[in-house]
Amino acid sequence: MLALGSAALAASLLVALYATGAALRGGIERDRRWVDSSRRAVYAFAALITIAVVIVESAFIGDDFSFEVVAEHSSTTTPTFYKLTAMWSSQEGSLLLWAWVLSLASSGVLYLTRRRLRELAPYATAVLMAIAAFFVGLMLIAASPFAELSPAPAEGAGLTPLLRNPYMVIHPPMLYSGYVLLSIPFAFAIAALITRRLDAAWIRSTRSFALTAWAFLGLGLLLGSRWSYEELGWGGYWGWDPVENAALMPWLIATAYIHSIMVQERRGMLKVWNVSLICGAFVLALVGTFLVRSGILESIHAFGASTVGGPLLGLIAVTAIGSSVLIATRFDGLRSERRIRSPLSREAIFLVNNLLLVGLAAVVLWGTFFPLIAEAVTGTRSSLGPPWFERFVTPLGVGLVLFTGIGPLLAWGKLSPSAAGRLLLWPGVAAGTTAVALALLTDAGESLWALFLFSFAAFTAVALGQEVWRAASARRALTGEGRGIALGRAVARNRRRYGGYLVHAGIAILLVGVAASSSFQTNRDLRLDVGESADVGDYTVTYERLDSDPTNERIAFAATLDVDRDGRDFATLSPARNYYPTMDPAAGPIGRYFEGEATSEIGLRAGAGEDFWTAFQPDLSVLDDDIARGNVELAELPPAAQGVAILALAESYAESPPPATFRVIVNPLVVWIWIGALVGLGGAAIALWPSAAARKRVRAAYAARLGRELEKA
Amino acid sequence: MEFLIGLALIALVAAFVTVPLRRRAEPPSDSLEAERAELEALKETRYREIRDARADHAAGKLTDADFERLDRELRADAVEVLKRLDRLEERDV
């Protein structure tokens, strides 16, 4: 199967190169036969990459350790669910995933546009297949998923313990789908620039792909944050880590893009912005892939030793420079058809929106890359931590919340000052009232930025509610329908608008959760013996007992904590610490189970008002002498006997444990981060959903076409 | 066996990909169909803009004068698209 997989991959490279050449020939000579042939080549590319994926997944499921990628990232004891998803924990598998998602997305968009965008499609095909050829070439040269281990080992290294979490399983495909789907509007933007067809046709046909990319990137960010909160044991969901920032930057630019294209569609403006934003978003998607895959985050030296870092950097440079040259040489054709007439207009607010989001992305970009550049120049590793990011991101983010409320209130073209006053009145009152109430009745006034954000979120909530209310009332006045029916039909007739409003609401809710949990968190590290208690805010935490919970994969110690609030039972939590064996023989047959990689299972009681979160770190140093003795005395025993000794050691530790360390965090409103994100994603789904009217128009178009062709026959 | 499967795969791909190259050049009606589809999409966009402007006016965001000016502009744009569609129909006859 290794040979078949390698052959499929090599064939896919040839097919991708053929598709690129055929598409360009068809576009330049305006010969549909070559264009259609190139489109078929894209479908064939997708089929070949799918075969490669199936072969690799079969190898993981079947524990075929002759595949080097399987031997290094799976084992016979890895649960089947994690075997299926281990593919993308590896360099090779993640590149294969990139190519696979790209092949499916390219096939989809070319199928959907096979009878439209005749001038653009060939060049878009060439761009997509050139990117695909790059990734397949990279695999063949530097990171093949079909590299062979001979002789094949009897056991694999297993999946990194930190990745044994459902969120981490779904997170990479979501992120990669987001990155790859950005290539679709990017390819069509390049095609529009090449052919100088700079109207909004390419935007209309690729808008859904851009919004879907945005949604997948958002979902990937959400899953990564949730994983961090649940798995990493530090109690946070966002650390401004370069890997996190790598996904945030294209998401920010994609957010600006999906707003800005509305201005070009409606008013023929911001054309330079739009081509620049989508090119920037895709370049940042490549930068994200580069950051994670090149080794540069370990050190600049690791990057130098990486086989994929250099080529990825080359692709980024070609993409960035090529896009810039095209935009510069087509500048005249990108002039706006109209001007922004008034600051009180939706297009003016979208321009402000662009500036805020690009500003945010620029801050994150600088904060992520400055340490890497500094290390390359000075040789000293440094980093910019959360306080640096928050100093600049916070005011921009707070401003963004305000504009998520203002934008929907305005109209295209111009809003009269009197109408503006009328529309802004109640949201303004809500903001002011919220600010005063929170300042007087809560501790919110201790953080001015948080107070501003809560107030602006209230503004946004009332503004959006007002919009929906007015729409329902206007429809009711026209049709006489009941308010509920009028509201439902108003939303159904304009899913893009009201889906977008729901996204705005979700973002505002999410940022309220971020502000509250960042600004008003209670965080304590406790050292408790069994039976001891300590107070954390309004809570009393008692360490009841320790249990040992071994499996054939790992040893685990789980603490039972009794938590009271204001003297009443609140929760019983079981934070745990898992210890996975290391393959390092120097650790000894007993020590390898206590000195390998460790993960945390947190104890969590989530609530609408606050989360009570706890992680646990047992003190295993008391076992050092027993482990050292066991490594010597039990070295010659069979593994089964050593296993019995390890279990006995773990049990005796649990019966009489030393004091342990607990991190306890009380996180206000953090659950609203997850709820807000889901609300936002729901809004995106509504905005993407084709309306019944659109489906009827497609059917009518086919009926009309059939009628015309029958007339001619 | 894998070698044979690989050969068969390559032959299948080559046959599939080269089907269009064995036909004659595209009849003119196909390109007209593509242009019609693009104009229909543009027409729907223009109609949506007109409806949105009407909704904004009903919601009190636009004064009567601003709405009339905007509505005139949008309807003129929509009429242009309808004219282009009509010219396309004439070419298709």
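Tutor: Residues 299-304 of chain A keep a pLDDT under 50 (the predictor's confidence in each residue, from 0 to 100), and for this stretch the predicted model has 10 contacts beyond four places in sequence, a contact being two residues whose C-beta atoms, placed from the backbone, lie within 7 Å. Chain A as a whole averages a pLDDT of 88, with 96% of its residues scoring at least 70. Residues are numbered from 1 along each chain as its sequence is written, and chains are lettered from A in the order in which they are written. Because this is a predicted model, local features need pLDDT of at least 70, side-chain atom pairs count only at pLDDT 80 or more, and totals for chains, interfaces and linings use all residues.

The helices to look at are α13 (residues 346-378) and α14 (residues 386-409) of chain A, whose axes come within 10 Å and cross at roughly 160 degrees (helices are DSSP runs of H or I, at least four residues, numbered from the N terminus; axes are lines fitted to C-alpha atoms over the stretch in contact, with angles from 0 to 180 degrees between N-to-C directions). That crossing makes α13(A) roughly antiparallel to α14(A), a term for angles over 145 degrees. Among the residues making the contact are A:Ile349, A:Phe350, A:Leu356 and A:Gly359 of α13(A), and A:Trp388, A:Phe392, A:Leu396 and A:Gly399 of α14(A). By class, this contact has 14 nonpolar, five polar and one charged residues (Ala, Val, Leu, Ile, Met, Phe, Trp, Tyr, Cys and Pro are nonpolar, Asp, Glu, Lys and Arg charged, the others, Gly among them, polar).

Beyond this pair, 36 residues of chain B are in contact with 37 residues of chain A, and α2(B) gives the most to that side of chain B, with 15 residues.

Notes
Helix = DSSP H or I, 4+ residues; strand = E, 2+ residues; numbered from the N terminus. Parallel < 35°, antiparallel > 145°, perpendicular 65-115°, else oblique.
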